[in-house]
Amino acid sequence: MLCHTKSQSGIGSSRHRIIMSADLLTGTASSPEALRDSILRHVRYTLARPKGSLVPHELLKPLSLTIRDYLIDRLLQTEQRYREQDVKRLYYLSMEFLMGRWLSDNLSNLGLNEPCRAVLAELGIELNDVIETELDAGLGNGGLGRLAACFLESLATMNMPGFGYGIDYEYGLFRQEIIGGHQYEKPDLWKAEGTPFYIERPHELCTVPLYGRIEHSRDSEGNRRQRWVDTRVVIGVPNDMPVAGLGGKTVNYLRLFTARASQDFDIDIFNRGDYIRAVEQKIASENISRVLYPSDSVLSGKELRLLQEYFLVACSLKDIMRRYLAAHSGFDEFPAKVAVQMNDTHPSLSVAELMRLLLDEHDMDWDRAWEITQATLGYTNHTLMPEALERWPVSLMERVLPRHMEIIFGINHQFLRTVGRVWPTDVARQGRMSIIEEGPEKQVRMAHLAIVGSHAVNGVSKLHSELLKASLVPDFAALWPERFSNKTNGVAPRRWIMKANPELAALLTQTVGEGWITDLEQVRGIETHANDPGFQAAFLEIKRRNKIKLAGEVFRSTGIALAPESMFDVQVKRIHEYKRQLLNVMRIIGDYLALVEDGVEPAAPRSYIFAGKAAPGYWAAKQIIKLINNVAQIVDADSRVRGLIKVVFVPDYRVSLAEIIMPAADLSQQISTAGMEASGTGNMKLAMNGALTLGTLDGANIEILEQVGEENIYMFGLTPDEVHWYHERSNYNPREICGADPTLRRVMDSLASDRFCPDEQGLFRWIVDEILDRGDRYFLMADLPSYVEASRRAEADYRQPQVWARKAILNVARTGTFSSDRTVREYARDIWHIRPALGDLQDHAMASPVHSAAASNEPAAEVSR
């Protein structure tokens with residue numbers, strides 16, 4: 001029988017052996033002596049300090065620079081391999097890359113945790129103390145950015161030539177503080193300690209034209225020509241962040257652009273004596289990369305967001321084209337050597353910009369430029385909510401990007417001719433499909449532009465992809481059915497199990513071998529141990545230690561003490577009405593009132609854990625945060641609760657915090673209104689760490705249900721078809737539902753009566769009005785009764801450790817399909833047409849189905865349009 005329990009140090013050593021045994025670490029950095037020498041060299045020559053009396057945060061830079069040196073060697077080797085093979089490259093354009101902490105991620109993937117731990121111990125420093133001083137990179141907000149980060153890691157692990165392109169935000173989104181229960185936004189100074197992993201590329205600057213006007217003329221052959229003149233130029237300065245795959249065989253990069261003024265000042269303005277205006281123009285240019293997602297509630301904010309999106313696209317495509325032309329003459333091979341993926345609608349100006357570059361800067365005719373553009377670009381849709389699909393006023397586009405607006409009009413003209421040939425008498429359909437939305441203020445529909453300009457369009461879960469075709473853009477799916485496909489999201493197991501949950505990783509390796517690290521389907525081998533008392537005990541002990549770790553973090557950040565023996569009931573994600581944190585807190589209110597008024601105790605003590613940020617301008621979401629905190633305060637102060645219910649909102653949700661929460665969760669709340677969540681990735685991370693899902697039939701929850709089995713998950717609520725039926729017939733009556741259910745009435749009465757805001761009269765009255773009088777858009781009244789019932793089933797199971805352990809183990813065993821390796825392999829096969837570039841690594845590649853499956857794909861000579 002396997003020995004399933006190990007000391008902490010033994011587990012750490014086991015992780016190290018997992019990587020070392022595959023012969024993945026070669027080169028000087030894996031030598032303890034070389035590591036020590038390099039760290040001390042950077043202490044002396046970077047910090048200008050002697051090696052004595054160093055504190056953890058002072059060692060962050062020397063250690064990071066040591067790992068950076070190693071990464072640069074591997075990055076250069078990787079690039080040489082790609083050039084020698086003239087590989088097709090993927091460029092992944094995204095406004096967000098939520099990378100987390102670079103140092104800990106690289107140490108984990110390179111297998112250098114234990115060597116570095118030993119070297120730092122000689123200096124009297126604990127490695128974890130150094131890692132904790134690194135701030136999360138402020139380059140993203142939520143699932144969109146974290147998905148992009150997982151994709152980059154999977155691409156590198158599978159030795160595929162894939163690169164991220166984004167913006168180097170100075171401040172990121174914001175740092176969240178909770179004061180008096182309210183969210184306050186503070187600047188996210190994530191670069192305060194420097195960015196030691198950056199590789200500066202000052203000789204690869206990109207010029208970005210803005211504003212100006214168009215001059216029309218004809219060439220010597222009578223063809224019309226357009227010149228974009230009198231522009232204001234902004235410079236894109238690139239910095240690369242290395243992205244290491246497992247073992248460092250392949251190191252790709254994330255290229256981030258910073259906006260700089262084209263000159264320190266506009267000299268003409270300066271010479272006219274207007275120094276202040278000259279400075280203002282410099283500041284305005286550099287504001288483009290200042291902060292992630294400036295508020296678009298005012299025109300200036302809307303304009304800045306448009307500038308950001310074009311800045312990303314312009315820098316990326318110029319850089320991609322420069323790299324391509326360095327090895328190729330002409331553009332005949334461009335789609336065979338370049339794949340560009342637009343992650344959501346933010347980069348959809350890629351369609352117009354690639355056309356502009358081919359037409360204006362490379363003198364290509366329209367038809368050939370359009371053929372290349374469509375063959376090169378792919379588009380991933382991430383939302384089913386029509387209001388979330390970006391639209392830009394034509395008037396704003398004409399002022400900021402006049403040449404692009406002309407090109408978009410031209411694309412739309414050609415496209416509507418195609419629609420007219422297919423449906424010649426259907427004027428209404430032509431209006432629905434047009435890239436230009438008519439109305440009092442004409443708008444550019446950016447999702448339509450992305451669909452028309454791409455050869456492939458995909459959703460991110462089975463349900464989402466079907467609803468994308470059936471309800472969001474059905475006309476486009478009817479016109480081009482072959483263009484649409486599904487690519488269900490995935491997450492990187494190296495980050496979310498191997499790094500975030502090292503004890504579980506060691507248990508998996510002891511049980512099924514190390515192959516799961518690059519082929520997560522192999523984790524299914526633990527199914528045969530799901531009823532083994534020894535395995536269950538080891539599994540539950542790992543969970544208990546992870547809960548103790550999270551409880552310590554919660555106490556440090558909030559002062560609230562959580563009992564590790566209670567059920568950790570977790571909802572961690574962006575705060576939004578459709579994600580229904582409000583439904584969760586209404587359930588908690590119902591449980592609290594049942595306890596203190598009826599004496600009905602929960603079957604098991606519960607710790608309700610919330611985390612997530614609300615957009616600064618999203619009033620309702622910020623009020624929901626306030627409600628959660630008020631409920632937490634009232635419950636905690638009530639002696640009748642006796643510790644049976646705890647509620648806590650953990651501030652400043654980020655990747656490094658998620659790495660503590662995911663392994664500790666018992667119950668995963670995935671309760672969005674059915675048909676509104678595209679996929680979700682938090683649901684996957686939690687399930688593969690042994691949390692059971694309490695969820696609706698929405699997004700990837702459905703696929704988790706299919707994988708783990710209905711007996712190992714708690715589903716509730718309306719189906720997407722039922723939600724659609726209510727919307728279509730407008731006969732949903734939340735007030736009638738509330739009146740017929742005593743539990744619903746009591747919850748709503750408590751919100752109306754100021755029970756949870758005794759010092760702030762009427763603070764939550766808006767919730768009652770929104771639900772009972774304004775239609776209950778997110779179907780809270782319809783779903784709350786079945787939600788409470790599902791929650792009680794989970795509670796009853798939690799009281800039986802053997803039953804709970806079996807269900808949790810089976811969740812881990814059956815979530816192998818949700819690895820981002822699988823997702824990337826499908827993109828590579830069906831959309832990007834790239835494959836692993838192994839070269840001289842072929843003999844050393846790990847024997848993994850991931851590699852063999854991806855390597856079997858022959859590169860496509862052409863990309864179908």
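Author: Happy to. A search of the whole structure finds zero disulfides, a disulfide being a pair of cysteine sulfur atoms within 2.5 Å. Take Cys-206, which is in no disulfide: the nearest cysteine sulfur belongs to Cys-315 and is 4.9 Å away. Cys-206 counts as buried at 4% relative accessibility, where buried means under 20% relative accessible area, exposed over 50%, and partly exposed in between, using a 1.4 Å probe and protein chains only. Cys-116 is buried as well, with a relative accessible area of 0%.

Before going further, please keep in mind that this is a predicted model, in which local features need pLDDT of at least 70 and side-chain atom pairs count only at pLDDT 80 or more, while totals for chains, interfaces and linings use all residues. Residues are numbered from 1 along each chain as its sequence is written, and side-chain values use heavy atoms, with hydrogens and water left out.

Now to the charged side chains. The structure holds 73 salt bridges, a salt bridge being a side-chain nitrogen of Lys or Arg within 4 Å of a carboxyl oxygen of Asp or Glu. In one of them, Arg-399 meets Glu-303 at 2.5 Å, N to O. That pair links distant parts of the chain, since Arg-399 sits in helix α14 (residues 394-400) and Glu-303 in helix α10 (residues 299-325), 96 residues apart. Helices here are DSSP runs of H or I of at least four residues, and strands are runs of E of at least two, numbered from the N terminus. Arg-399 is partly exposed at 40% relative accessibility, whereas Glu-303 is buried at 13%.

Another salt bridge joins Asp-475 and Arg-429, whose closest N and O atoms are 2.9 Å apart. Asp-475 belongs to helix α19 (residues 474-479) and Arg-429 to helix α16 (residues 427-433), so this pair ties together parts that are 46 residues apart in sequence. Asp-475 is buried at 11% relative accessibility, and Arg-429 counts as buried at 16%.

Glu-789 and Arg-793 meet at 3.2 Å, N to O, and both lie in helix α32 (residues 780-798), four residues apart, about one turn of the helix. Glu-789 is partly exposed, with a relative accessible area of 41%, and Arg-793 is partly exposed at 33%. Elsewhere, salt bridges that share partners join Arg-201, Glu-204, Asp-240, Arg-255, Asp-319 and Arg-322 into one network.

On a 1 Å grid over the protein atoms alone, a cavity is a set of points where a 1.4 Å probe fits but cannot get out, and lining residues have an atom within 4 Å of a point. Grid points are joined across faces, edges and corners, and a volume is the space filled by probe spheres set on the points. The largest cavity has a volume of about 160 Å³. It is lined by 14 residues, with Glu-134, Leu-135, Gly-194, Thr-195 and Pro-196 nearest its centre. That lining divides into eight nonpolar, four polar and two charged residues. Here Ala, Val, Leu, Ile, Met, Phe, Trp, Tyr, Cys and Pro count as nonpolar, Asp, Glu, Lys and Arg as charged, and the others, Gly among them, as polar.

The second largest cavity has a volume of about 110 Å³. Among the 13 residues lining the second largest cavity, Met-99, Trp-102, Asp-105, Glu-153 and Val-243 are the closest to its centre. At least two lining residues come from each of α4 (102-110), α7 (143-157) and β9 (232-244), and α4 gives the most, with four. This second lining divides into six nonpolar, two polar and five charged residues.

Strand β3 (residues 175-179) pairs with strand β4 (residues 182-186) in the antiparallel sense over five bridges; two strands pair if DSSP finds at least two bridges between them. Glu-177 has Tyr-184 in β4 as its bridge partner. β3 and β4 form a hairpin with two residues between them, and Gly-180 in the turn has a positive phi of about 60°.

Note on methods. 1 Å grid on protein atoms, 1.4 Å probe; cavity = no way out; pocket = protein on both sides within 12 Å on 5 of 7 lines; lining within 4 Å.
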